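Welcome! Here is a short tour for someone meeting this protein for the first time.

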Amino acid sequence: MTLLNLIKSQINRRPDGGLITDMQLIVDKISRPLLTPLARVRLLAMLERSLGSGICTIISGRAGTGKTTLAADFADFCNRRVAWYKVDAPDSEFGVFMDYLATSIGQQRPGFNEQAIRSAAAEVKFADIPLFSERFVFELIDDDSEPLLIVIEDLHLVCDTEWLVPFLDRFLQLAPPNVHILITSRTLPPAPLWRMRSKQTLEVIDEMALAFTREEAVDLFETYGLSRQFAYLAFDRTNGRAGALAKYADNLAELPLEVTSVASALNQLGVSET
């Protein structure tokens with residue numbers, strides 16, 4: 001049986017012509033996060049270069065390094081339609097993962113047959129996942145549609161599943177040129193995907209690149225109305241780690257005006273630096 005026939009055989013239609021599904025989606029998981037007041041020009045430029053030259057970009061770093069913030073800012077900056085999907089641990093089932101991914105893409109590309117894809121994913125066998133990936137890409141091919149950015153946030157939560165490599169490997173190899181995939185993950189994806197990096201079709205922005213520079217810390221603190229001196233001291237305490245810097249800025253902005261000593265103010269806060 002071909003995959004197209006497999007897909008057709010798995011579609012159950014309601015009397016109104018729609019498709020029956022038992023999956024109740026959490027809307028927040030396919031909604032873009034709020035933007036931050038500070039756009040990091042250096043990192044946005046790196047993402048823009050990758051968008052123009054590759055198929056996939058991975059933003060990799062531990063919690064609190066600014067992965068999601070950067071992805072959200074770039075989604076606003078890139079001048080493309082954006083399909084956003086935040087992965088959670090229960091999404092380790094292939095059918096659930098595809099429910100969310102296909103629905104998010106369908107919101108941005110009306111011609112993408114999300115219901116057929118979801119129906120097929122619910123029953124697809126492991127051995128058929130590469131063929132399923134080809135059908136998935138076929139649905140994405142649309143030269144008349146606007147360029148699309150697909151953001152998959154927190155991919156590390158499903159990196160130990162057996163289906164991830166066969167799905168992503170085929171999907172990323174065949175993705176059409178007007179589609180770019182942006183992945184955020186605390187760990188780097190499984191090894192077979194690194195073939196793409198050697199072919200310069202995959203770019204990685206790692207934790208070292210994500211760290212704020214001293215001047216970027218100053219820019220961040222200025223959005224809170226805080227001085228350069230505060231920014232320098234907080235930067236030295238956090239080594240430029242995005243989440244820790246933001247905590248310092250949030251808490252410093254709430255201190256009473258009579259707190260005038262920068263060093264004593266930082267000590268008073270007791271903000272975690274990890």
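Which helices each supply at least two residues of the lining of the largest pocket? They are α3 (67-77) and α12 (242-253), and α3 gives the most, with five residues. This is a predicted model, in which local features need pLDDT of at least 70 and side-chain atom pairs count only at pLDDT 80 or more, while totals for chains, interfaces and linings use all residues. Residues are numbered from 1 along each chain as its sequence is written, and side-chain values use heavy atoms, leaving out hydrogens and water.

**The pocket**

The largest pocket has a volume of about 360 Å³. Its lining has 18 residues, and T36, G66, T69, A242 and A246 lie nearest the centre. A pocket here is an open set of points on a 1 Å grid where a 1.4 Å probe fits, with protein on both sides within 12 Å along at least five of seven lines; lining residues have an atom within 4 Å of a point. Sorted by class, the lining looks like this:

| Class | Lining residues |
|---|---|
| nonpolar | eight residues |
| polar | seven residues |

**A covered helix**

Helix α4 spans residues 94-108 and reaches 22 Å from its first C-alpha to its last, close to the 21 Å expected at 1.5 Å a residue. Of its 15 residues, 14 are buried (under 20% relative accessible area, with a 1.4 Å probe and protein chains only).

**Confidence**

The average pLDDT (the predictor's confidence in each residue, from 0 to 100) is 84 for the protein.

Terms used. Helix = DSSP H or I, 4+ residues; strand = E, 2+ residues; numbered from the N terminus. Expected span 1.5 Å × (residues − 1). Buried < 20%, exposed > 50% of the residue type's maximum accessible area, 1.4 Å probe, protein only. Points joined across faces, edges and corners; volume = space filled by probe spheres on them. Nonpolar A, V, L, I, M, F, W, Y, C, P; charged D, E, K, R; others polar.
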